[in-house]
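Please read each one with the structure open.

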Amino acid sequence: MKQEINKVSKIVSELINFCLNNSAKKIDISIEDKENRFEILISTDYIKCNKDDVENVKTLLETGRQLEVDEYYWQLTGEDMSDQELSLVGMMVDEAIVNWENPSMKIKLIRYRET
Amino acid sequence: MKDNTNNNHSFHLGTKSNFIILSIFPLCLLIIAFFIDSPQNIINGLHKIIVSPDILLTDYLAVGGIGAAFVNTALLTLVGIYMLYILKLKINGTLIAAIFSISGFAFIGKNILNVWPIYLGGFIYSKYENIHMKSIILALMFATALAPVVSEVAFGLDLDLKISIPLGILVGIMIGFVITPLASHMVRFHDGYNLYNMGFTAGILATLITSILRSFGLIIETQSVLSYEYSNFLRNILIIMFISMIVLGFIINKKSFKGYINIFKYKGRLVTDFTKLVGYGITYMNMGIMGLICVLYVIVSKGYFNGPVVAGILTVVGFSAFGKHPKNAIPILIGVYVTTILNIWDISSTTVIMAGLFGTTLAPITGTYGFTAGIIAGFLHVAVVMNVVKIHGGLNLYNNGFSGGIVASIMVPIAETLKNRGERNETGN
């Protein structure tokens, strides 16, 4: 359970890095610990990006959970100011929803507990 | 923000198709083995491979002959692919890297017997931690780098076999049990700039094991058992294999090289999965191109194609689905090549060629900090890798990954500081 919490913290840290790296001035974060999953919602009123950038973020986050990568490389999440880590976040979550209404962005991530 | 969008020009490649593609190489090796060698020779050779000490450098082509070495590689690779299949994993860049690493190192230390205690240890760990085997199979596949520990304890220490064989198995199980959390932790040491993270982890663990064994008066020394007679044959097989990969990638990419150049913009730092970022077509193309570059490097260095060199090439090819491409790997090769002209090492020797090939574990340093940093990384890697093997006595097959971890952990903070300083100077702050 502790490791699961650490992984969620790392995912959130990576999302914060992503927002700040793209000129966000205010970030709201919500984390819900539900019965079988964690739900992470991060929203910012301003983020500097265009339509292609958003498609790119969607592609990276919607990679789909890959348990083997999750278990081996999770400690790298949140450690680098690079978009590549969003790819790792994508491999650590089961569902990702990205809403962009220029200039605001909301990202919802769902991570199911391993059973 | 950078554009990391996936390649939309590729045909969709299903999971089964990837399993079939990855199975072609080991199946071909299996068929070739029985064409060029007799079944009796192969069985005798496999027996020799199993009971021989497997510490670096032990070329199974020299120990058991080409037929047995090919069968050993084919069986280990097929078993690895089958495990991924029954665990219902989708083939991605890191799994391709793991499969090719197994294929390569099955020429120099992993055999059909000594890997199992490590897998068993991992299975026990998964039960202990109540996690699915599919979560740790990747780490376990890479962890078979320490398979020589099993063979060395079982057959190499001149102990009574009734004691040494169970002891070897027990040590292997213990390695499998601890390796997943260790490898996950160690990745922070080099911050993902050493692609062979398991090499670094296994190096640390092997150093501990070797130290314990030596403290009891048991001798662990490196050896050099190499083959030279199959060089041309191996070179030709590799060239055919890599050209086939390029053709395959070309076909998957809708008979086009379109988009290949996009792969150069990726730094290659862990985790850079090309199958997700640029698609399977370009990934297979990149693997083939990197394979040919490696073959060319060996030819230019006037080296022989033998077990260790094939291991190096196949590992590079595997990691060309997971971070390596010509732009971030070639500077390392140049760095190693130039260094070995200037220093005491023989440029054509197998160990130096291995240093060049495996040195590309530092490709993310080139990708992030540029060409010159890549040259320096190559220089440092040669210096370190030729020395660290003494620490673990050759028990860690991924010796270059161990060295790469040390070089990356020293270079990255310094390069980052210099880079930040340069950026501050540019902005005038």
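This is a predicted model: local features need pLDDT of at least 70, side-chain atom pairs count only at pLDDT 80 or more; totals for chains, interfaces and linings use all residues.

1. A second residue with a positive phi is Asn130(B), where the angle is near 55 degrees. Asn130(B) belongs to the loop between α5 and α6 of chain B, and this residue is exposed, with 8 other C-beta atoms within 10 Å. Such sites deserve a look, since most residues other than glycine have a negative phi and most peptide bonds are trans.

2. In chain A, the bond from Asn102(A) to Pro103(A) is cis, with omega near 10 degrees, and Pro103(A) is placed in the loop between β3 (95–101) and β4 (104–112). In chain B, the bond from Leu270(B) to Val271(B) is also cis, with omega near 5 degrees; Val271(B) is placed in the loop between α10 (231–252) and α11 (274–277).

3. On confidence, chain A has a mean pLDDT of 88, and 92% of its residues reach 70 or more. Among the elements of chain A, the lowest mean, 82, belongs to helix α4 (residues 84–90), while strand β2 (residues 37–44) has the highest, 94.

4. Within chain A, helix α2 (residues 51–61) has Asn56(A), Val57(A), Leu60(A) and Leu61(A) as its buried residues. These four cover an arc of only 125 degrees around the axis, and therefore lie on the same side of α2(A). The face turned away from that buried side carries the exposed residues Lys51(A) and Asp52(A). This pattern can be read against helix geometry: an α-helix has 3.6 residues a turn, so residues three or four places apart point the same way.

5. Where the chains meet, 32 residues of chain B are in contact with 26 residues of chain A. On the chain B side, α6 (133–143) and α8 (161–190) each supply at least two of the residues that touch chain A, and that side comprises, by class, eleven nonpolar, twelve polar and nine charged residues.

6. Helix α6(B) is mostly covered, with nine of its eleven residues buried; among them are Ser135(B), Ile136(B), Met141(B) and Phe142(B). The buried residues of α6(B) pack against α3 (67–73) of chain A, and also against α3 (60–86), α4, α5 (116–129), α8 and α9 (197–215) of chain B. In α8 of chain B one finds Val178(B), which is partly exposed, with 15 other C-beta atoms within 10 Å. Val178(B) and Ile118(B) are 60 residues apart in sequence, yet 9.8 Å apart in space, C-alpha to C-alpha.

7. Also in chain B, the axes of helix α4 (residues 93–105) and helix α13 (residues 307–319) come within 7 Å and cross at roughly 175 degrees, so α4(B) is roughly antiparallel to α13(B). By class, this contact has ten nonpolar, five polar and no charged residues.

Definitions and conventions
Residues are numbered from 1 along each chain as its sequence is written. Chains are lettered from A and ligands numbered from 1 in the order in which they are written. Axes are lines fitted to C-alpha atoms, for helices over the stretch in contact, and angles run from 0 to 180 degrees between N-to-C directions. Angles under 35 degrees count as roughly parallel, over 145 as roughly antiparallel, 65 to 115 as roughly perpendicular and the rest as oblique. Ala, Val, Leu, Ile, Met, Phe, Trp, Tyr, Cys and Pro count as nonpolar, Asp, Glu, Lys and Arg as charged, and the others, Gly among them, as polar. Two residues are in contact if their C-beta atoms, placed from the backbone, lie within 7 Å. A residue is buried if 20 or more other C-beta atoms lie within 10 Å of its own, exposed if 12 or fewer, and partly exposed in between; C-beta atoms are placed from the backbone. pLDDT is the predictor's confidence in each residue, from 0 to 100. The arc is that of the directions from the helix axis to the C-beta atoms.
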